[in-house]
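Q: I have a structure open here and would like to talk it through with you. Could we go through it piece by piece?

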Amino acid sequence: LDHLLFVATGLGFLFFLFQLIRTHRKIFRLVENSIQIKKYKSLRIYLSDKISGPFSILYKNQKLIFIPEGMLSDKKSYQMALLHELQHHRQWDTAMIYLVELFKGLFFYNPAVWSIANRLHLLSELAVDESLIHERGVEAKTYGYCLLEVAAHQTKQGMLPRYDRLVGTASLSAEARTLKRR
């Protein structure tokens, strides 16, 4: 039984590595096909017509933020999305996600790990929301409107790849299951 558990954990780790390599290849291609609009120290902000929603990722020691080009038409939503993604980097969510994904790969057979990972994702989103509203002075109504705009944009752009579901990404995450709670 111990041998079987060791093999399963090894396979989980290999799956994690495969997913990580796949993610980094996709991010590399996305960087090449996006417009860099801001560069400050290790932060890079990109506009892309290839994504359905904003997201951030720690990639090669750089903090990357991707915003859909379609969000430029609504200045408030664009600003809220940018603030949200910046906060993920400030809170080190984009680094923590790698650790969570590693544990999911290593212990994929343990439902508690998946439950904890889902809870951490939700808590990360709620912490960003709270920080923006209570510490950064973002108006709750405006922020809520932005969440709805992102959800609507993701619905309209449904055929585009969901980069926010790749290993290591944090996003505005305006999914129906969490939207009502937020």
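Q: Let's start with isoleucine 65, then; which residues does it touch, not counting those up to four places away in sequence?
A: This is a predicted model, and in it isoleucine 65 touches Leu43, Arg44, Ile45, Tyr46, Phe55, Ser56, Leu82, Glu85, Leu86 and His89, once residues up to four places away in sequence are set aside.

Q: OK, the core next. Which residues touch the most other members of the largest nonpolar core?
A: The largest nonpolar core has 18 residues, and Ile65, Ile67, Leu82 and Tyr143 are the ones that touch the most other members. At least two residues of this core come from each of β2 (43-48), β4 (62-68), α2 (75-90), α4 and α5 (140-156), and α2 gives the most, with five residues.

Q: What other core lies apart from that one?
A: Apart from it lies another core, of 13 residues, and among them are Leu20, Ile51, Leu64 and Phe66. As background, in soluble globular proteins nonpolar side chains tend to be buried together.

Q: Back to β2 for a moment. How many of its residues are buried?
A: Six of the six residues of β2 are buried, so β2 is largely enclosed by the rest of the structure. Both of its faces are covered, with Leu43, Ile45 and Leu47 buried on one side and Arg44, Tyr46 and Ser48 buried on the other.

Q: And β4, how many of its residues are buried?
A: β4 is mostly covered, with five of its seven residues buried.

Q: What about β1, in which sense does it pair with β2?
A: Strand β1 (residues 35-40) pairs with β2 in the antiparallel sense, over five bridges. Within that pairing, lysine 38 stands opposite isoleucine 45, while isoleucine 35 stands opposite leucine 47.

Q: Which residue takes a positive phi in the hairpin of β1 and β2?
A: Lysine 41 does, with a phi near 50 degrees, in a hairpin that has two residues between the strands. The hairpin formed by β3 and β4 also has two residues between its strands, and there lysine 60 in the turn has a positive phi of about 55 degrees.

Q: How many bridges does β3 make with β4?
A: Strand β3 (residues 55-59) and β4 pair over five bridges, in the antiparallel sense, and phenylalanine 55 of that pairing stands opposite phenylalanine 66 in β4.

Q: Switching to helices: how do the axes of α3 and α4 cross?
A: The axes of α3 (residues 93-106) and α4 (residues 111-135) come within 10 Å and cross at roughly 170 degrees, and the two helices are therefore roughly antiparallel to each other. Asp93, Val100, Phe103 and Lys104 of α3 make the contact with Val113, Trp114, Ala117, Leu120, Ser124 and Val128 of α4, and by class this contact has seven nonpolar, one polar and two charged residues.

Q: And where α1 meets α3, what is the crossing angle there?
A: The axes of α1 (residues 2-32) and α3 come within 7 Å and cross at roughly 140 degrees, and these two helices are therefore oblique to each other. In α1, Thr9, Gly12, Phe13, Phe16, Leu20 and His24 meet Tyr98, Glu101, Leu102, Gly105 and Leu106 in α3, a contact that by class has six nonpolar, four polar and one charged residues.

Q: One more residue, glutamate 69. Where does it lie?
A: Glutamate 69 lies in the loop between β4 and α2, and glutamate 69 is partly exposed, with a relative accessible area of 33%. Leaving aside its neighbours within four places in sequence, glutamate 69 is in contact with Ile35, Leu47, Ser48 and Asp49.

Q: How far is glutamate 69 from isoleucine 51 in space?
A: They are 8.5 Å apart, C-alpha to C-alpha, and 18 residues apart in sequence.

Q: Last, the whole chain: what does the secondary structure come to?
A: The chain has six helices and five strands, and of its 182 residues 46% count as buried.

Definitions and conventions. Residues numbered from 1 in each chain as written. Predicted model: local features only at pLDDT ≥ 70, side-chain atom pairs only at ≥ 80, totals over all residues. Heavy atoms only, no water. Axes fitted to C-alpha atoms, helices over the stretch in contact; angles between N-to-C directions. Helix = DSSP H or I, 4+ residues; strand = E, 2+ residues; numbered from the N terminus. Parallel < 35°, antiparallel > 145°, perpendicular 65-115°, else oblique. Contact = heavy atoms within 4.5 Å. Nonpolar A, V, L, I, M, F, W, Y, C, P; charged D, E, K, R; others polar. Core = buried A, V, L, I, M, F, W, Y, C linked by side-chain atoms within 4.5 Å. Buried < 20%, exposed > 50% of the residue type's maximum accessible area, 1.4 Å probe, protein only. Pairing = 2+ DSSP bridges.
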